[in-house]
Amino acid sequence: MSEVICPNCGAMRPNAFCGYCGQNNRDYNASLWSVLKDAIGEMFELDGRVIRSLKTIFRYPGQLSLAFAENRRASFVNPFRLFMFTTILWFFLFGITFPTPDGRRTIQDSSELTVLDESQARRGPIRINVDIAPDRRERFETEVNAGLEILRSRLNGDRSRKLEDMLAADRNAPRLGPIKGIAQLFNEQPDLPLWLQRLLANVVVDAVHSPRQLMNELIDNLPLMMVVLLPWYALLLMLFFGRAGRRFVHHVVFAIHVHSVSFIVLTIGLLTPGSAGSVDKSIWIQVWDLFDQVVFLALMIHTYFAFRRFYGQGHLRTLVKYFCLGFFYVWGLIPAFSFVIVLLLTDYL
């Protein structure tokens, strides 16, 4: 009797797997070799689903989504897991391959600045080096310096130190132009909402002091665009293919598979050498550029046939809907990117 009772939940187990909790009948109270053999077997069972999913999604466009819609899921990777892996992988590689400034700058990064005390940092007013009448220049300087005091009172965290470090390094550096502009705005518009003043002050200091860090934070948050883009794409699919007899969840899964394939192909593009941002125009670089173009064209054709198989409509109708859907999908990039920007800016309030 003990052989048919699941040791995990105590339910009856008539076969190799418990019908209640799903635990198999493997006994790990055995030799180390038996345990390792079973562990390796389970590992390759998972890999088998991954390989089977990737093989199906590339070789038979739309078939993986069709299998999910027909409730044949056990042989393939969960679509949401596949989507998360491909999305995070692409955005990670995009972040580390994104071109950064070459290091030439008029104001040093915070790690290279000599930190001075507040009395040293605030020595003397800001001078305006513009070719205007002396009386207008003096009035402009007065407005900027008055606004600078307001700006200082709106800064959060260590941004006050960043501002003073930049002023100590060179109070008249051209790069300080945005800070001077915001300072003048604060002086001329004292009725600006407090939250807006705080937002502008903190953003402009970070943008001038460490633009690369601000860019990296933006790139790190880009995957959140998919929070808007994925349901937007699924909604478009439902609107364009609403008569195909698919439920909304089926459109979501199809959108996931389309994006997963796209991210895999885009990852290949990131990993191949190309001429973008490079001065090297050798024949091999041109060959790789041609390869990237061919792969991107193949992706478009692959997506088209995925539409054909999953929704089962004719070539002309599918082609028209495919390009119309792509047009409206691009418009979704605006709210998606705005969503990321809003989330990023909440840290500055």
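**Aromatic cluster and pocket**

Guide: In this predicted model, one aromatic cluster is formed by Phe241, Phe254, Tyr304, Phe305, Phe307, Phe310, Tyr311, Tyr322 and Phe323.

Visitor: How many aromatic pairs are there?

Guide: Rings are taken as a pair if their centres lie within 6.5 Å. By this rule the count is 20 aromatic pairs.

Visitor: Is the pair of Phe241 and Phe307 stacked, edge-to-face or tilted, and which elements hold the two residues?

Guide: The centres of Phe241 and Phe307 are 5.5 Å apart, with 40° between the planes, and the pair is tilted. Phe241 and Phe307 are 66 residues apart, so the pair links distant parts of the chain. Phe241 lies in the loop between helix 10 (226–240) and helix 11 (248–271), and Phe307 lies in helix 12 (residues 283–311).

Visitor: Are Phe241 and Phe307 buried or exposed?

Guide: A residue counts as buried under 20% relative accessible area. Phe241 and Phe307 are both buried.

Visitor: What is the geometry of the pair formed by Phe254 and Tyr311?

Guide: This pair also links distant parts of the chain, with Phe254 in helix 11 and Tyr311 in helix 12, 57 residues apart. The ring centres of Phe254 and Tyr311 are 5.3 Å apart. Planes over 60 degrees apart count as edge-to-face. Because the planes of Phe254 and Tyr311 stand at 75°, the pair is edge-to-face.

Visitor: Are Phe254 and Tyr311 buried or exposed?

Guide: Phe254 has a relative accessibility of 1% and therefore counts as buried. Tyr311, with a relative accessible area of 6%, is also buried.

Visitor: Which helix supplies the largest share of the lining of the largest pocket?

Guide: The largest pocket has a volume of about 690 Å³ and is lined by 23 residues, with His259, Ser262, Phe296, Leu299 and Tyr329 nearest its centre. Helix 3 (79–97), helix 10, helix 11, helix 12 and helix 13 (315–331) each supply at least two residues of this lining. The largest share, seven residues, comes from helix 13.

Methods:
Residues are numbered from 1 along each chain as its sequence is written. This is a predicted model: local features need pLDDT of at least 70, side-chain atom pairs count only at pLDDT 80 or more; totals for chains, interfaces and linings use all residues. Side-chain values use heavy atoms; hydrogens and water are left out. Rings of Phe, Tyr and Trp (its six-membered ring) pair if their centres lie within 6.5 Å; planes under 30 degrees apart count as stacked, over 60 as edge-to-face and the rest as tilted. Helices (H or I, at least four residues) and strands (E, at least two) are DSSP runs, numbered from the N terminus. Buried means under 20% relative accessible area, exposed over 50%, partly exposed in between (1.4 Å probe, protein chains only). On a 1 Å grid over the protein atoms alone, a cavity is a set of points where a 1.4 Å probe fits but cannot get out, and a pocket is an open set with protein on both sides within 12 Å along at least five of seven lines; lining residues have an atom within 4 Å of a point. Grid points are joined across faces, edges and corners, and a volume is the space filled by probe spheres set on the points.
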